[in-house]
Amino acid sequence: MIVYKSPEEIDRMRRAGRVVALTIERLVSEVRPGMTTADLDAIAERSIRGEGCTPSFKGYKGFTGSICTSLNEQVVHGIPGRRRIREGDLLSLDVGAIWEGYHGDSAISLFVGGEAPSDVAEKLVRVTEDSLEAGISRLRPGGRLSDVGSEVQRVVEGAGFSVVREYVGHGIGRALHEDPPIPNYGDPGRGPAIRPGLVVAVEPMVNVGGWETRVLMDRWTVVTADGSLSAHFEHTIAVTEDGPEVLTAR
Ligand code: MG
Ligand code: MG
């Protein structure tokens, strides 16, 4: 069941989203080769709690980090730890925060040290972010929910990459993951009508190679089955009468 949000609820989610955005900005400005993913987790936790919020992911189904840190062939759900990040690593950071019981959720992919190690890596990150923007543009009253994933898939596959199937975007609110699921693929014109009060997290996960994934022995980290690079971008978006409002805009 989809829980549509009141303006007051969206206000709280706006605040959660702002803290998520601010935390991502802090991570982007502080990330350096040689840091561990646990160092990044500590920066993020300090930022989230310093703004009066709680990290959404800490303790979620037993997850030990405040954020997810996924490197190179890792798609999502990487656990922060002792691994050191290196110049040219493709690093995906997924951040969630709770304000007065409401969640914000956003992710970004970047290159450690700023330089992409290859043209294909650079293109992957650009196309993944573009596909998110294209999907968000479809979150308008009058459309149907599957328009979003269909648009993401069009952009991604048009660039020669693939979209992950087993993990999808989601409604968000009092729970981190609510109905409806938002796949990053499919035919347009299906699913629920898009209307004001719908709040969702759209999150394309895009692979250079095939879309198939597997989960590592740690039971969290998702990697591409073929070992190819993967990128991930995400925003939390509220649908208004005028169209999409990105609550986690940086
Ligand atoms: Mg997320
Ligand atoms: Mg999410």
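Which residues is Leu91 in contact with, leaving aside its neighbours within four places in sequence? Let's start there and then tour the rest of this predicted model.

**Close-up 1. Leu91 and its surroundings in the nonpolar core.** Beyond those sequence neighbours, Leu91 is in contact with Val31, Leu40, Thr69, Ser70, Leu71, Ile108, Ser109, Leu110 and Val112. The largest nonpolar core has 51 residues, and Leu91 belongs to the group that touches the most other members, together with Leu27, Leu40, Leu93 and Leu139. Helix α3 (residues 119-137) supplies the largest share of this core, seven residues. Another core, of 11 residues, lies apart from it and includes Ile10, Met13, Leu176 and Val199.

**Close-up 2. A three-stranded open sheet.** The strands run in the order β3-β12-β11, with antiparallel pairing. Because β3 (74-76) and β11 (213-215) stand at the edges with a single partner strand each, one side of each has no neighbour in the sheet. From one strand to the next, the twist averages 40°. Look between β11 and β12 (residues 222-224) for three bridges; Thr213 stands opposite Thr224 in β12.

**Close-up 3. Backbone details worth a look.** A cis peptide bond, with omega about 0°, joins Asp179 and Pro180, and Pro180 lies in strand β8 (residues 178-182). Lys61, a residue other than glycine, has a positive phi near 50°. You will find Lys61 in the loop between β1 (54-55) and β2 (67-71), where its relative accessibility of 68% counts as exposed. His77 is not a glycine either, yet its phi is positive at about 70°. This histidine, His77, is in the loop between β3 and β4 (90-99) and is partly exposed at 26% relative accessibility.

**Close-up 4. The salt bridge between Glu51 and Arg26.** The whole structure holds 12 salt bridges. In this one, the side chains of Glu51 and Arg26 meet at 3.3 Å, N to O. Glu51 lies in the loop between α2 (37-50) and β1, and Arg26 in helix α1 (residues 7-30), so the pair ties together parts that are 25 residues apart in sequence. Glu51 is partly exposed at 26%, and Arg26 is partly exposed at 29%.

**Close-up 5. Glu151 and its two arginine partners.** Glu151 forms a salt bridge with Arg138, with the closest N and O atoms 3.4 Å apart. Since Glu151 lies in helix α4 (residues 146-158) and Arg138 in the loop between α3 and α4, this pair ties together parts that are 13 residues apart in sequence. Glu151 also pairs with Arg154, at 2.8 Å between the closest N and O atoms. Both Arg154 and Glu151 lie in helix α4, three residues apart, about one turn of the helix. Glu151 is buried at 9% relative accessibility, Arg138 is partly exposed at 39%, and Arg154 is exposed at 55%.

Note on methods:
Residues are numbered from 1 along each chain as its sequence is written. Chains are lettered from A and ligands numbered from 1 in the order in which they are written. This is a predicted model: local features need pLDDT of at least 70, side-chain atom pairs count only at pLDDT 80 or more; totals for chains, interfaces and linings use all residues. Side-chain values use heavy atoms; hydrogens and water are left out. A nonpolar core is a set of buried Ala, Val, Leu, Ile, Met, Phe, Trp, Tyr and Cys residues joined through side-chain atoms within 4.5 Å. Buried means under 20% relative accessible area, exposed over 50%, partly exposed in between (1.4 Å probe, protein chains only). Helices (H or I, at least four residues) and strands (E, at least two) are DSSP runs, numbered from the N terminus. Contact means heavy atoms within 4.5 Å. Two strands pair if DSSP finds at least two bridges between them. Axes are lines fitted to C-alpha atoms, for helices over the stretch in contact, and angles run from 0 to 180 degrees between N-to-C directions. A salt bridge is a side-chain nitrogen of Lys or Arg within 4 Å of a carboxyl oxygen of Asp or Glu.
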